[in-house]
Amino acid sequence: MTRLLLGLCFGAYLGFGGPSVLSAQGGSYDESALRLEGHQGDLRIVRGLDGTVVAHIGGLRTPDVSTLVSPSEKAIAEAKIFSHDYGPGSWIAAAGIVAIGAGIGVYQMHDVERSIPTGLTIGGAALIVYGANRVQNAYNALARSLWWYNRDLKK
Amino acid sequence: MAKVFIALVMSAAVMVSGASAAAQSAESDAPRVAKGAAGSAVGAAMRAETTADSTHSYDAGALRFETRWGNVSILRGSSNTLIGTAGWFRDPGLEQMLSSSPRALREVRGYETQNFRGSLAGGAGALATAVGIVVAANGSNDASSPILVIAGVSGMIWGAQHLSMSYAALSRALWWYNRDLSR
């Protein structure tokens, strides 16, 4: 029973925010080269000819890409830029969505001054644009990181 | 949900650049016809260049792409040389660029198909949404504005999905192209 509980806890840990990165392995380009792929709104890092999924990127969770690309120094440097920008960018964009939602909600209240929902909507849109820009920078750093990682693989 | 919102906002933001790109393309049609002969010479030069690409090392010739508000920049080598910009009805000649690798060529055709569908649906969706909002703002009480907004947002979501699929195909195409480079 205890084992079952431990198993369930571990499964839940993996399912809700646990490490979503499989550690990197050395090898040839065909076996180990990484690339980014999108699938149903979920961004994935896949490896090799067979396209094994080694990491998921999505929502507010930031995978540890540095570990994945660890043999390559330049790849690690770019992975750190990704980690630096992705998390804050996602949170800021999410805050913007909440602000716009609040703005729409307040707009329905007739006894509230109109400047409040307008301010919330404009502020929310600005947060979304700023957050999306940081997420975009993060994705570009991730693409550079994978490029450098693949460069250091054998043919 | 957050990603869908970000995709919608990004789609709306790049609509302006997409429209200007389309206008630019229409404006440049006439000179393009006039420069037909020169264009074929440039095409031959590009083909020669892409053939030479397969003999380049990874450092000098490997490609990758970066996105900037709906535009896709194709970059080459460790020096980050910009060799073309794709996106929203714009084609930087990817088929010619990647012609040395058959698998890359197959993937890039998938990218072009998905990118066209995504751009078209996203653009039409953004337009329908904007019209719906304008109609609603003018105090119209009929059913057209919610229908336009719902249809527009649906079009933008469908378009964003296809754009995402197109980026996946482009990623695979460049992966295959880089695989065939010498090291």
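Helices (H or I, at least four residues) and strands (E, at least two) are DSSP runs, numbered from the N terminus. The model is predicted: local features need pLDDT of at least 70, side-chain atom pairs count only at pLDDT 80 or more, and totals for chains, interfaces and linings use all residues. Residues are numbered from 1 along each chain as its sequence is written, while chains are lettered from A and ligands numbered from 1 in the order in which they are written.

**Chain B as a whole**

Colour chain B by burial. Of its 183 residues, 39% are buried. A residue is buried if 20 or more other C-beta atoms lie within 10 Å of its own, exposed if 12 or fewer, and partly exposed in between, with C-beta atoms placed from the backbone. Among contacts in chain B between residues at least 6 apart in sequence, 65% join residues at least 24 apart. Two residues are in contact if their C-beta atoms, placed from the backbone, lie within 7 Å.

**The sheet of chain B**

Next, select the three strands of chain B. They form an open sheet in the order β1-β2-β3, and the pairing is antiparallel. Two strands pair if DSSP finds at least two bridges between them. At the edges stand β1 and β3 (81-86) of chain B, each pairing on one side only. Neighbouring strands of this sheet are turned by 30° against each other on average, direction ignored.

Zoom in on β2 (residues 71-76) of chain B, which is joined to β3(B) by five bridges in the antiparallel sense.

Move on to B:Asn80, which lies in the loop between β2 and β3 of chain B. B:Asn80 has a positive phi of about 60° although it is not a glycine. Why does B:Asn80 count as exposed? B:Asn80 is placed in that class because it has 12 C-beta neighbours inside 10 Å.

**The helix pair of chain B**

Now select helix α6 (residues 102-137) of chain B together with α7(B). The two pack at an angle of about 160°, with their axes 6 Å apart. Axes are lines fitted to C-alpha atoms, for helices over the stretch in contact, and angles run from 0 to 180 degrees between N-to-C directions. The angle makes α6(B) roughly antiparallel to α7(B). Angles under 35 degrees count as roughly parallel, over 145 as roughly antiparallel, 65 to 115 as roughly perpendicular and the rest as oblique.

Look along the pair: α6(B) passes α7(B) in a left-handed crossing. A crossing is left-handed if the near helix is turned anticlockwise from the far one by less than a right angle, and right-handed if clockwise. The contact of α6(B) with α7(B) has 25 nonpolar, 16 polar and four charged residues. Ala, Val, Leu, Ile, Met, Phe, Trp, Tyr, Cys and Pro count as nonpolar, Asp, Glu, Lys and Arg as charged, and the others, Gly among them, as polar.

**Where chain B touches chain A**

Show both chains. The contact takes 25 residues from chain B and 25 residues from chain A. On the side of chain B that touches chain A, two or more residues each come from α1 (2-27), α4 (58-61), β1 (63-68) and α7 (144-179) of chain B. Helix α7(B) gives the largest share of that side, nine residues. By class, the side of chain B that touches chain A has 13 nonpolar, four polar and eight charged residues.

**Across to chain A**

Select the strands of chain A: an open sheet of three, in the order β1-β2-β3, with antiparallel pairing. Its edge strands are β1 (34-39) and β3 (52-57) of chain A. Strand β2 (residues 42-47) of chain A pairs with β3(A) over five bridges, and A:Val46 stands opposite A:Val53 in β3(A).

Then select α4 (residues 73-107) of chain A with α5(A), which pack at an angle of about 160° with their axes 6 Å apart. They are therefore roughly antiparallel to each other, and the crossing of α4(A) past α5(A) is left-handed.

Finish at A:Pro117, in helix α5 (residues 115-151) of chain A. A:Pro117 is partly exposed, with 19 other C-beta atoms within 10 Å. Leaving aside its neighbours within four places in sequence, A:Pro117 is in contact with A:Gly103, A:Val106 and A:Tyr107. Of this group, A:Val106 is 11 residues from A:Pro117 in sequence and 5.7 Å away in space, C-alpha to C-alpha.
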